[in-house]
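Here is a short tour for anyone meeting this structure for the first time. Keep the 3D view open while you read.

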Amino acid sequence: MKRYLPFVIVTLVALATIGSGAMLYRAKRPHVSAIPEDKTLSAKSDAQSPHIRGNPDAPVTLEEYGDFQCPPCGMFATFLGQLEKEYDSRLRVVFRNFPLKVHEHAREAALAAEAAGLQGRFWEMHDVLYREQETWSKAPNTRELFESYAGTIGLDLDKFKKDMDSEQASARVEADRQRGDALGIQTTPTMFINNQPVDPKDRNPDGIRAEINAALQKKSQT
Amino acid sequence: MTVSRFRTIIYVVAAIVSLAGLADATYLSVQALTGETLGCGGSPDCFRVLGSSYARIGGIPVALFGVLAYFSAFTFATFAAFGYGRARTFLIPTIGAMFLGTLWLLYVQAFLLHAYCRYCLFSAATTFLLAGLVIALPPGRDRSAS
């Protein structure tokens, strides 16, 4: 009997590893749901107009839930610029704020972007925040840096400072965050292509291009 | 305590340590397979390490190789503890390869990524412990069970 015991132990450990791995995989797999009909961009329930870049009538919409302090979001922003050039009028991009608690300055950055948005320069601030992410993420004087970025993109500085502390900017960030929570979002960047969540495994240039192409093909068939 | 008994104790400890490493590597593999390491949500340093290009070899998560390595170490240590003499012959090179792999991964974290993932550090600690146990093994051949 003792002779066979190691075989039994090793087999049991192998089964336990596979079983617990599978259970963990099921539990950890993100359960992001598709954007429901009543919450799509065309639905009237979206009280605050989202930040949209590109052709408003584009057949494909890429909606991103992003955190300005999250490095993968920064890398994704660079890639998004390439995608916008590549797909031109066939793609429109929507950005929603989803500042994560693990990032100390993410909420403040989201407020800065919203404050810029109140002067019609959301995307300019979005681009600067991602471009300079490494600088302001580690800086002790984040607020001063945001104000200097506001000056660089030609904002009215007094209004920007006031708007950053305004209820309006805060409410917008909170509304996006709640919308993301309702969809089951836990990590950033989380993307939706024509209201369908992009699988985490496809969150890479090839995967996203393939999803956009599939969405374009689907649209052309309907 | 006889040399043979001392060896058996070392093999049992090595098997238990391998189990801890196996659990850690399984957790990391699941994280990589669910895509959790590609985005922000957990520890910033962890995703910097696990989301980097060094965390995959030919598209396969390095953690999966870790699962294979720890399971092999566990298997060989268990068989050696039960007196299978040939298991020791496989256990030593397996742990040697794991030790070298761990050194490379520590170098990547310290000098290339400038970030440490606590799960990877735990794995490094278990591998170093395994290497220490193997070094502590008294020389000579194990008594064969068969």
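## Chain B at a glance

Chain B is built from five helices and two strands. Keep in mind that this is a predicted model. Walk along the sequence of chain B and the order you get is α-α-β-β-α-α-α. If you box in the C-alpha atoms of chain B along the principal axes, you need roughly 55 × 25 × 25 Å.

## The opening helix of chain B

Helix α1 of chain B covers residues 3-34. Just past the end of α1(B) comes B:Gly35, with a positive phi of about 85 degrees.

## Two helices packed in chain B

Now look at helix α3 (residues 62-81) and helix α4 (residues 85-113) of chain B. A pair like this is described by the angle between the two axes and the distance between them. For α3(B) and α4(B), the angle is about 150 degrees and the axes are 9 Å apart. Angles over 145 degrees count as roughly antiparallel, and α3(B) and α4(B) are therefore roughly antiparallel to each other. The crossing of α3(B) with α4(B) is left-handed.

Which residues of α3(B) and α4(B) meet? On the α3(B) side they include B:Ala69, B:Ala73, B:Phe76 and B:Ala80, while on the α4(B) side B:Phe90, B:Leu91, B:Ile95 and B:Met98 are among them. Sorted by class, the contact between α3(B) and α4(B) has 14 nonpolar residues, two polar and one charged.

## A crossing in chain A

Over in chain A, helix α3 (residues 106-117) meets α8(A), with axes that come within 9 Å and cross at roughly 115 degrees. The crossing of α3(A) and α8(A) is right-handed.

From α3(A), the residues taking part are A:Arg107, A:Ala110, A:Leu111 and A:Glu114. Their partners in α8(A) include A:Ala169, A:Arg172, A:Val173 and A:Asp176. The classes in the contact of α3(A) with α8(A) are four nonpolar, one polar and five charged residues.

## Salt bridges

How many salt bridges does the structure hold over all chains? The count is 13. One salt bridge joins the side chains of A:Arg96 and A:Asp176, at 3.7 Å from N to O. A:Arg96 sits in strand β3 (residues 91-97) of chain A and A:Asp176 in helix α8 (residues 167-183) of chain A, so the pair ties together parts that are 80 residues apart in sequence.

Definitions and conventions
Residues are numbered from 1 along each chain as its sequence is written. Chains are lettered from A and ligands numbered from 1 in the order in which they are written. This is a predicted model: local features need pLDDT of at least 70, side-chain atom pairs count only at pLDDT 80 or more; totals for chains, interfaces and linings use all residues. Side-chain values use heavy atoms; hydrogens and water are left out. Helices (H or I, at least four residues) and strands (E, at least two) are DSSP runs, numbered from the N terminus. The expected span of a helix is 1.5 Å times one less than its number of residues. Axes are lines fitted to C-alpha atoms, for helices over the stretch in contact, and angles run from 0 to 180 degrees between N-to-C directions. Angles under 35 degrees count as roughly parallel, over 145 as roughly antiparallel, 65 to 115 as roughly perpendicular and the rest as oblique. A crossing is left-handed if the near helix is turned anticlockwise from the far one by less than a right angle, and right-handed if clockwise. Contact means heavy atoms within 4.5 Å. Ala, Val, Leu, Ile, Met, Phe, Trp, Tyr, Cys and Pro count as nonpolar, Asp, Glu, Lys and Arg as charged, and the others, Gly among them, as polar. A salt bridge is a side-chain nitrogen of Lys or Arg within 4 Å of a carboxyl oxygen of Asp or Glu.
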